[in-house]
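Open the model in your viewer and keep the selection panel at hand. The tour goes stop by stop.

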Amino acid sequence: MLDKRAQILLKTLIEHYISDGQPVGSRKLSVASGLDLSPASIRNIMSELEGHGFIASPHTSAGRIPTQRGYRLFVDTLLTVQPLQNQEIRKLENVLSSPDPQELINKAAELLSSLTHFAGLVMIPKRQGAAFRHLEFLPLSEKRILVIIVTTDGAVQNRIILAEKPYSASDLTQASNFFNQHYAGNTLDEVKQKLHEELKQMQSDMTRLMSAALEASSKTADNKDGVVIAGERNLLDVQDLSTNVSSLRKLFEMFEHRTSLMQLLDQSQKASGVQIFIGGESGYLPLDECSMVTAPYETNGQTLGTLGVIGPTRMAYERVIPIVDITAKLLSNALSNNH
């Protein structure tokens, strides 16, 4: 869509804006781009870029700033990534070493945050194959039921389910007893399989209730511990965000609820390599002023989860992208070595 001169001017404008946060004028572009163009030619190209929606004019300045669309073109086609130096990678390898997988995940989130000065996050792998020791249904209100699940590895999960009809306390006790008697010692997948088979034979209230409990227990998007976040307070120091209190409030609400983060990370996990979500284009990030860079991590070829960085749209993508990419690879190696 854009000729070479327009691409060079757009790349120069975005790099300068990322660097100092100030709208970029024609004169600065003329010097910085290295193009032998008259001021009139540069203004014409700027008008063309603005017409395509890649840059915009703030009211208070004659200069231009990139739009979300401009950033997207920049990261997709114009960006020159700066690979990390070998000594930097070795330092990261030293930090990401521990026999404890949970400690590795925590360290990876902190590392992403400290290297970028933004918020680092890591989606925790879903529990695989943990067998149930005990389950209990407790009534909260007429149709809301608390499900407490204790697995054989000692983990306790609490879920709230909304039943289709009211259940008495004795109904729930009976269901708990039935579940524990018939399914204790099975993994989640095994219980699901058995329930599906039984559902074909009988559609009783009790089986429906247990099925709902299992569905709730397997939805890790509702699990507040499903993602480790480090350094979200760094975003208070980002000028583009700190001046917008309502935007910050939305962002911290998202960290608090975490569900949309989980959906976004889950979406990233299904893709290979580094993914970049700019502003509101993902449908999950609540802010146009924020971007998210993610990459999946794995052990022995099997994807376990996703890690990433949330920061302002005006971030140094050429540095953040390789940091996220390398951290994902190093976490994968560290977890594989533990197996």
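At what angle do helix H1 and helix H3 pack? Select residues 4-20 for H1 and residues 39-51 for H3. The angle is about 80°, and the axes lie 10 Å apart. Axes here are lines fitted to C-alpha atoms, for helices over the stretch in contact, and angles run from 0 to 180 degrees between N-to-C directions.

**Ground rules**

This is a predicted model: local features need pLDDT of at least 70, side-chain atom pairs count only at pLDDT 80 or more, and totals for chains, interfaces and linings use all residues. Residues are numbered from 1 along each chain as its sequence is written, and side-chain values use heavy atoms, with hydrogens and water left out.

**Stop 1: H1 against H3**

H1 and H3 are therefore roughly perpendicular to each other (the class for 65 to 115 degrees; under 35 is roughly parallel, over 145 roughly antiparallel, the rest oblique). Show side chains. From H1, pick Arg5, Ala6, Leu9, Leu10 and Leu13. They meet Ile42, Ile45, Met46 and Leu49 in H3. Contact means heavy atoms within 4.5 Å. By class, this contact has 8 nonpolar residues, no polar ones and 1 charged. Nonpolar covers Ala, Val, Leu, Ile, Met, Phe, Trp, Tyr, Cys and Pro; charged covers Asp, Glu, Lys and Arg; the others, Gly among them, are polar.

**Stop 2: H1 against H2**

On the H1 side, select Ile8, Leu9, Thr12, Leu13, His16 and Asp20. On the H2 side, select Lys28, Leu29, Ala32 and Ser33. The contact of H1 with H2 counts 5 nonpolar, 3 polar and 2 charged residues.

**Stop 3: the whole chain**

Zoom out. The protein has 13 helices and 10 strands. These are DSSP runs numbered from the N terminus: helices are H or I with at least four residues, strands E with at least two. Of its 339 residues, 45% count as buried. Buried means under 20% relative accessible area, exposed over 50%, partly exposed in between (1.4 Å probe, protein chains only).

**Stop 4: the largest nonpolar core**

Which residues touch the most other members of the largest nonpolar core? Select Leu235, Ile310 and Tyr317, from a core of 71 residues. A nonpolar core is a set of buried Ala, Val, Leu, Ile, Met, Phe, Trp, Tyr and Cys residues joined through side-chain atoms within 4.5 Å. Helix H13, residues 317-338, gives the most to this core: 11 residues. Another core, of 14 residues, lies apart from it and includes Phe132, Ile149, Ile161 and Val191.

Now centre on Tyr317. Beyond four places away in sequence, Tyr317 touches residues including Ile18, Tyr71, Phe74, Ile276, Ser291 and Pro322. Select Ser291 in strand S9, residues 290-299. Ser291 is buried, at 0% relative accessible area.

**Stop 5: helix H7**

Finish on residues 169-183, helix H7, and pick Asn180. Asn180 is buried, at 18% relative accessible area. Its side chain makes a polar contact of 3.5 Å with the side chain of His134. Gln174 also lies in H7. At 47% relative accessibility, Gln174 counts as partly exposed. Draw a distance from Gln174 to Phe137: their C-alpha atoms are 9.2 Å apart, across 37 residues along the chain.

Terms used. A polar contact is a pair of N or O atoms within 3.5 Å; within protein, one must be able to donate a hydrogen and the other to accept it, and residues adjacent in sequence count only if both atoms are side-chain atoms.
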